[in-house]
Amino acid sequence: MMVFIVLFILWIVFNGRITLEVCVFGLVLSGILSLFCYKFIDYGREGKKSITIKRIPLIIGYVFTLIWGIIKANLIIIRMTLSPNPKYEPCLIYFSPGLTEEFTRVILANSITLTPGTITVSLEDDRFCVHCLDKSMGKGIENSIFVNKLKRIERI
């Protein structure tokens, strides 16, 4: 039901006006899309842990932390590439952050890849393999602020 309401509200907002035709078409389209989500994406089934309203502020905070991390990593990469004698020590780091949900593990893997200088090579169960442009970029990655924020999200 929540998906239906959210889709309908988005439909109204994106249309920018409320008329009978817009509302009827929005109701039909929202109904079809929400049925698709329930049937094929397993959204709303018992046993599935969905994103709760309580998690949304933490996720928004995580996004801002990620943006700040990307900005800092960009500055580090710029400094490394513009230095007269660049010294890189590429490495592969294996670690298990202890995240229990697949959702948060995928978010962490994508966050690592979005951050310049690091790429998630593989994610199997709770074991990450990350390629770092320099060893210094991988120090403390298993207990980083990203991991700590995702663990807080999982607790809710």
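Let's start with Val22. Val22 is buried, with a relative accessible area of 6%. Keep in mind that this is a predicted model.

Where does Val22 sit? It belongs to helix H2, which covers residues 20–40. Leave out residues up to four places away in sequence, and Val22 touches Trp11, Ile12, Asn15 and Arg17. Val22 and Arg105 are 83 residues apart in sequence. In space, their C-alpha atoms are 39 Å apart.

Stay on helix H2 for a moment. Ser30 is also found there. Is Ser30 buried or exposed? Ser30 has a relative accessible area of 3%, and buried means under 20%, so Ser30 counts as buried. What does its side chain reach? It reaches the backbone oxygen of Gly26, at 2.7 Å. Set aside neighbours within four places in sequence, and Ser30 is in contact with Phe4, Leu7 and Phe8.

Next, the largest nonpolar core. How many residues does it have? The count is 20. The residues with the most contacts inside this core are Phe95, Leu108, Ile112, Phe128 and Val130. Which elements give two or more residues to it? Two are strands: S1 (91–95) and S3 (127–132). The others are helices H3 (56–82), H4 (102–114) and H6 (145–155).

Last stop, Leu108. Again, skip residues up to four places away in sequence. Leu108 then touches Tyr62, Phe95, Pro97, Leu99, Phe128, Phe146, Val147 and Leu150. Two of those partners, Phe95 and Phe128, are also on the list of core residues with the most contacts.

That's the tour. Thanks.

Definitions and conventions. Residues numbered from 1 in each chain as written. Predicted model: local features only at pLDDT ≥ 70, side-chain atom pairs only at ≥ 80, totals over all residues. Heavy atoms only, no water. Helix = DSSP H or I, 4+ residues; strand = E, 2+ residues; numbered from the N terminus. Buried < 20%, exposed > 50% of the residue type's maximum accessible area, 1.4 Å probe, protein only. Contact = heavy atoms within 4.5 Å. Core = buried A, V, L, I, M, F, W, Y, C linked by side-chain atoms within 4.5 Å. Polar contact = N/O pair within 3.5 Å; in protein donor to acceptor, adjacent residues only side chain to side chain.
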